[in-house]
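Keep the viewer open as you read.

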Amino acid sequence: MIRQPLFVVGIALLFSSALPAGERFDVVLKNGRIVDGTGAPWHAADVAIRGGKIAAIGRWNGADAAKIIDVGGLIVAPGFIDMMGQTATPFLTDPSAANNLITQGVTTINAGEGASAAPLGREEGTKAGWSTFREYFD
């Protein structure tokens, strides 16, 4: 089994000392090392997820969950921003082009730092399939 050094989840919505008893969650990540991005040292906690979003962070007290994943020894972080992304255009034709970013915990990319995907001139636009930003985003 390959263990990834990181488990990335979205931004926290609710912090608590114990996951609320009686509530149902989709997933509980148990025994993680929480790195919250504030610069504070990591702390041990569990993360409860419902509807694709973090519902609570705390200690699991037997709260009901459809799936429980033991992430002991792994870092649980809200995601990382790639501030030097050159472009997101390759993702349009090959979604696997993002695998290197996703497996490192990058959830946001600041694209266009070196060049821009739009606007494009007539020849480039014909080749790419768009000319304006509206066409690119569509």
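Arg-59 counts as partly exposed, at 38% relative accessibility. In this predicted model, Arg-59 forms a salt bridge with Asp-46, and the closest N and O atoms of the two are 3.4 Å apart. The pair links distant parts of the chain, with Asp-46 in strand β4 and Arg-59 in strand β5, 13 residues apart.

Is Asp-46 buried or exposed? Asp-46 has a relative accessibility of 2%, so it counts as buried, because the cut-off for that label is under 20%. As a reminder, side chains of opposite charge can pair when their charged atoms come close.

## Two further salt bridges

How many salt bridges does the count come to? It comes to 3. One of them brings together the side chains of Arg-50 and Glu-23, at 2.6 Å from N to O. Here, too, distant parts of the chain are linked: Arg-50 belongs to strand β4, while Glu-23 sits in the loop between β2 (15-18) and β3, and 27 residues separate them. Arg-50 is partly exposed, with a relative accessible area of 35%, and Glu-23 also counts as partly exposed, at 32%.

Another salt bridge joins the side chains of Arg-24 and Asp-64, with 2.9 Å from N to O. Arg-24 is in strand β3 and Asp-64 in strand β6 (residues 64-70), so this pair links distant parts of the chain, 40 residues apart. Arg-24 has a relative accessible area of 45% and is partly exposed; Asp-64 counts as partly exposed at 39%.

## Inside the fold

The largest nonpolar core has 11 residues in all, among them Val-27, Leu-29, Ile-34, Ala-45, Val-47 and Ile-49. Which elements give two or more residues to this core? They are β3 (24-34), β4 (43-50) and β5 (53-59). Apart from this core lies another one, of 7 residues, including Phe-25, Val-28, Ala-48 and Ala-56.

Setting aside its neighbours within four places in sequence, Val-27 is in contact with Val-47, Ala-48, Ile-49, Lys-67 and Ile-69.

## On the surface

Ile-81 lies in strand β8 (residues 80-82). With a relative accessibility of 55%, Ile-81 counts as exposed, because that label applies over 50%.

Across the chain, the accessible surface comes to about 9,000 Å², and 57% of it belongs to carbon and sulfur atoms.

## The chain as a whole

Stepping back, the chain has 4 helices and 9 strands. Along the sequence they follow the pattern β-β-β-β-β-β-β-β-α-α-β-α-α.

Of the 138 residues of the chain, 28% count as buried. Among the contacts with a separation of 6 or more, 68% come from residues 24 or more positions apart.

Key. Residues are numbered from 1 along each chain as its sequence is written. This is a predicted model: local features need pLDDT of at least 70, side-chain atom pairs count only at pLDDT 80 or more; totals for chains, interfaces and linings use all residues. Side-chain values use heavy atoms; hydrogens and water are left out. A nonpolar core is a set of buried Ala, Val, Leu, Ile, Met, Phe, Trp, Tyr and Cys residues joined through side-chain atoms within 4.5 Å. Buried means under 20% relative accessible area, exposed over 50%, partly exposed in between (1.4 Å probe, protein chains only). Contact means heavy atoms within 4.5 Å. Accessible areas come from the Shrake-Rupley method with a 1.4 Å probe; for residues, only the protein chains shown count as cover. A salt bridge is a side-chain nitrogen of Lys or Arg within 4 Å of a carboxyl oxygen of Asp or Glu.
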